[in-house]
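Dear colleague,

Please find below the structure that I am handing over to you. My notes on it follow.

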Amino acid sequence: MAQATHRPAQATAAVCTFAAVSETAQELDSISWSYSAAPTGGNIAVESPSGTTIFQMAVTSAGPGNISFPKALKGASGQALIVTLASGAGTVVGSVNAITR
């Protein structure tokens, strides 16, 4: 199991990257996030490999949120898994936490 957290400066995307492991698919168990105020263009995306979106959802309000994947969201074998909380724009600060198996 691995965990990653990122809380960047305002108006900056929060990104958690789980490095590629040879012949192994990263398995995402859950994502937690928050925005300090209502975001403009709030969104969570998971990519594996980079550039290939395997999960995406809009986040339209301030405060915390969480999604769990009971069967785990599997990335591509031998590729990194990237979780991105989009910039909330303006003075909004976002934070993302992701847990893999």
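E27 is partly exposed at 23% relative accessibility, where buried means under 20% relative accessible area, exposed over 50%, and partly exposed in between (1.4 Å probe, protein chains only). The model is a predicted one: local features need pLDDT of at least 70, side-chain atom pairs count only at pLDDT 80 or more, and totals for chains, interfaces and linings use all residues. Residues are numbered from 1 along each chain as its sequence is written, and side-chain values use heavy atoms, with hydrogens and water left out.

A search of the whole structure gives two salt bridges, each defined as a side-chain nitrogen of Lys or Arg within 4 Å of a carboxyl oxygen of Asp or Glu. In one, E27 pairs with K74, and their closest N and O atoms are 3.6 Å apart. This pair links strand β3 to strand β6 (residues 63–74), across 47 residues; strands are DSSP runs of E, at least two residues, numbered from the N terminus. K74 is exposed, at 53%.

R101 forms a salt bridge with D29, with 2.5 Å between the closest N and O atoms. R101 lies in the segment after β8 and D29 in strand β3, so parts 72 residues apart in sequence are tied together. R101 is partly exposed at 47%, whereas D29 is buried at 18%.

The backbone also deserves a note. Most residues other than glycine have a negative phi, and most peptide bonds are trans. E23 has a positive phi of about 55° and sits in the loop between β2 (14–18) and β3 (27–35). The peptide bond from S48 to P49 is cis, with omega near -5°.

With kind regards

Definitions and conventions. Helices (H or I, at least four residues) and strands (E, at least two) are DSSP runs, numbered from the N terminus.
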